Amino acid sequence: MKKIAVFISGGGRTLKNILEKISQGYLLAEVALVVSSSSTAKGIQIAEEAGVSRIEKVLRGAYGSDEAYSEAIFAFCREASVDLVVLGGWLKKLVVPADYILKVINIHPSLIPSFCGHGFYGHYVHEAAINYGVKISGCSVHYVDNEYDHGPVILQKSVPVLADDDADMLAARVFQQECVAYPEAIQAILEDRVEVHGRIVKILERKK
């Protein structure tokens, strides 16, 4: 079974969703490593209760640069023989090393390239979508490169933006789709059904 690492910074609800999908047999993977950028993240407890074998708390302030911080984190991934790194509410800048290019993914709560990039996270994304007046929003699973929300898009799912929405209401609707989209993308990658041609990503059907 292939191994994934989940990087967290807060409540760990994406981690919880992934662990639930694994326990349900929908997602065929092992969470072999959880890395937290905070020593007090609630997601740490979720990982502990699930019996994740390795949990590392790696604080940015202990390192002099993004490069040094990232290298320390990816060293743990190599030690755990991780096949794929999944960002789950991770809020720190990562510098992806050469051996993990196209092996790190993120989910963003908008339809990239709208409402993304530096400073667009959490409720800021949904406020921006509502204030702009868009009628459709959603989530995007994408590969991580060394720019914010810039890597090739793997898949997207959309939701309507309703006239009486506030940021929390829209966020809840988008997160429902995140819970579907992320495991779907992870499973496709782990089954080697994802082809990347520059910015164009194709997901192949399962062989019957």
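**Entry 1: the model.** I noted at the start that this is a predicted model.

For one pair I checked the sense. Strand β1 (residues 3–8) and strand β2 (residues 30–36) run parallel and are joined by 6 bridges. Within this pair, Ile4 stands opposite Val31 of β2.

**Entry 2: α1 against α5.** Two packed helices are described by the angle between their axes and the distance between the axes, so I looked up both values. Helix α1 (residues 13–23) packs with helix α5 (residues 167–190) at an angle of about 55°, and the axes are 10 Å apart. I therefore wrote down α1 and α5 as oblique to each other. The crossing of α1 past α5 is right-handed.

I also listed who meets whom. From α1 come Arg13, Thr14, Asn17, Ile18 and Lys21, and from α5 come Phe175, Glu178, Cys179, Tyr182, Pro183 and Ile186. Sorted by class, the residues of this contact are 6 nonpolar, 2 polar and 3 charged.

**Entry 3: α4 against α5.** I repeated the exercise for α4. The axes of α4 and α5 come within 9 Å and cross at roughly 110°. This makes α4 roughly perpendicular to α5, because angles of 65 to 115 degrees count as such. On the α4 side the contact is made by His123, His126, Glu127, Ala129 and Ile130, and on the α5 side by Ala167, Leu170, Ala171 and Val174. The contact of α4 with α5 has 6 nonpolar, 2 polar and 1 charged residues.

**Entry 4: a hairpin.** I looked at β8 and β9 next. Strand β8 (residues 194–197) pairs with strand β9 (residues 200–203) in the antiparallel sense, over 4 bridges. Val196 has Val201 in β9 as its bridge partner. The two strands, β8 and β9, form a hairpin with 2 residues between them. In the turn, Gly198 has a positive phi of about 65°.

**Entry 5: the loop between β5 and α4.** I went through several residues here. Pro113 is in the loop between β5 and α4, and a cis peptide bond joins Ile112 to Pro113, with omega about 20°. Phe115 is in the loop between β5 and α4 as well. Phe115 is not a glycine, yet its phi is positive, about 55°.

Tyr121 is placed in the loop between β5 (104–108) and α4 (123–132). With 43% relative accessibility, Tyr121 counts as partly exposed. I also checked Tyr121 against Asp83: they are 38 residues apart in sequence, and 26 Å apart in space from C-alpha to C-alpha.

**Entry 6: Ser81.** I found Ser81 in the loop between α3 (66–79) and β4. Ser81 has a positive phi of about 55° although it is not a glycine. Its relative accessible area is 46%, so Ser81 is partly exposed.

**Entry 7: Asn106.** My last stop was Asn106, in strand β5. Asn106 has a relative accessible area of 12% and is therefore buried. What does Asn106 touch, leaving out residues up to four places away in sequence? I listed Leu87, Ser140, Val141, His142, Val144, Asp149 and Tyr182. Tyr182 was already in my notes, as one of the α5 residues that meet α1.

How values were computed. Residues numbered from 1 in each chain as written. Predicted model: local features only at pLDDT ≥ 70, side-chain atom pairs only at ≥ 80, totals over all residues. Heavy atoms only, no water. Axes fitted to C-alpha atoms, helices over the stretch in contact; angles between N-to-C directions. Parallel < 35°, antiparallel > 145°, perpendicular 65-115°, else oblique. Left-handed = near helix turned anticlockwise from the far one by under 90°. Contact = heavy atoms within 4.5 Å. Nonpolar A, V, L, I, M, F, W, Y, C, P; charged D, E, K, R; others polar. Pairing = 2+ DSSP bridges. Buried < 20%, exposed > 50% of the residue type's maximum accessible area, 1.4 Å probe, protein only.
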